[in-house]
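Hi,

Here is the structure I promised to pass on. Have a look at it first, and then read my notes below.

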Amino acid sequence: MIPLEWYLVVAAALFSLGLYGVLTRKNAINVLMSIELIFNSANINLVAFSRFAATDTDGQVFALFVIAIAACEAAVALAIVVSLYRILKSVNLDEASALKG
Amino acid sequence: MDALAPKIFFLLFAVMMLGSALIVVHGRNLVHSGFALLATFFSVAAFYAMMGADFLAGAQVLIYVGGILTLLLFGVMLTNRIYDLNLRTGTFQVVPSTLVSGLVFATLVSIIYRTPWRQIPNVSAFDPGADEALSNTHAIGQALVTDYLLPFEVASVLLLIALMGAAMLVRRRSDL
């Protein structure tokens, strides 16, 4: 059957792609999408270890909490991006360099 | 031969996940990135299902695809002038970022393959689907209202506060 390492390698690849997106993107919404990729790779690891290394469902409960926190993060971050767009008329992260609006 | 089918499905969904993730991080069109993210989330849900986490697979589709992705697409539409139909975004620092993320990936893979997972207690060369024919939704529900009751309630209050804060943040100044 599928060994544990395969899941971990795919999760590592997804994490690296998300990291690449966070580092290269200029658009704030694209950066948020890349952060969601990183959340998903962490979740794959949690579920894989819950399946392979433990006998209970703790890892899956943790993954559920991660999904809930990701929903909070997406809502608040998009609210910040929308209010940033109202001030700057742009979502380019290079232009968002001042704390005061 | 019955051991071959899960591997084929695994590789299929892994290619779909990583390919669409590549479109998300490298696509030129913001809307294309959003829809590629849909494919990534579905492939992750398929991975959960393959690992026997069927409740989590359902929650992934409901919350990520139904909630977070919709929110992100609304964000795309609210922060770009849709009528110019040119939702292009640029990339920068491509070479150093490729180096950094490639280095992180190589480090992670070398750690994964050097760790003797099989020697850790409880790690078994297991057989998916054979030992747990029943769904573990019941066990997750019980864990949420017994061992994880306090984190569960804290998470629900946090979600409420975050959504109220988000609604507060995007109000126009004249509404305050």
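How many helices and strands does the secondary structure of chain B come to? The count is six helices and zero strands, where helices (H or I, at least four residues) and strands (E, at least two) are DSSP runs, numbered from the N terminus.

Some housekeeping before the rest. This is a predicted model, so local features need pLDDT of at least 70 and side-chain atom pairs count only at pLDDT 80 or more, while totals for chains, interfaces and linings use all residues. Residues are numbered from 1 along each chain as its sequence is written, chains are lettered from A and ligands numbered from 1 in the order in which they are written, and side-chain values use heavy atoms, with hydrogens and water left out.

Back to chain B. Of its 176 residues, 31% are buried (under 20% relative accessible area; exposed is over 50% and partly exposed is in between, with a 1.4 Å probe and protein chains only). The chain exposes about 10,700 Å², and carbon and sulfur atoms supply 72% of that (Shrake-Rupley method, 1.4 Å probe).

Now the largest nonpolar core, which has 64 residues. By nonpolar core I mean a set of buried Ala, Val, Leu, Ile, Met, Phe, Trp, Tyr and Cys residues joined through side-chain atoms within 4.5 Å. A:Ile44, B:Phe47 and B:Tyr48 touch the most other members. H3(A) gives the largest share, 12 residues. Leaving aside neighbours within four places in sequence, A:Ile44 is in contact (heavy atoms within 4.5 Å) with residues of both chains, among them A:Tyr7, A:Leu14, B:Phe47 and B:Tyr48.

H3(A) also packs against H2(A), at an angle of about 175° and with the axes 9 Å apart. Axes here are lines fitted to C-alpha atoms, for helices over the stretch in contact, and angles run from 0 to 180 degrees between N-to-C directions. That makes the two helices roughly antiparallel (over 145 degrees). Residues making the contact include A:Ile35 and A:Phe39 of H2(A) and A:Phe62 and A:Val66 of H3(A).

Last, A:Pro3, which sits in the segment before H1 of chain A. Is A:Pro3 buried or partly exposed? A:Pro3 counts as partly exposed because its relative accessible area is 21%. Beyond its neighbours within four places in sequence, A:Pro3 is in contact with A:Phe52 and B:Arg118. A:Ser83 lies 80 residues from A:Pro3 in sequence and 46 Å from it in space, C-alpha to C-alpha.

Cheers

Notes. Parallel < 35°, antiparallel > 145°, perpendicular 65-115°, else oblique.
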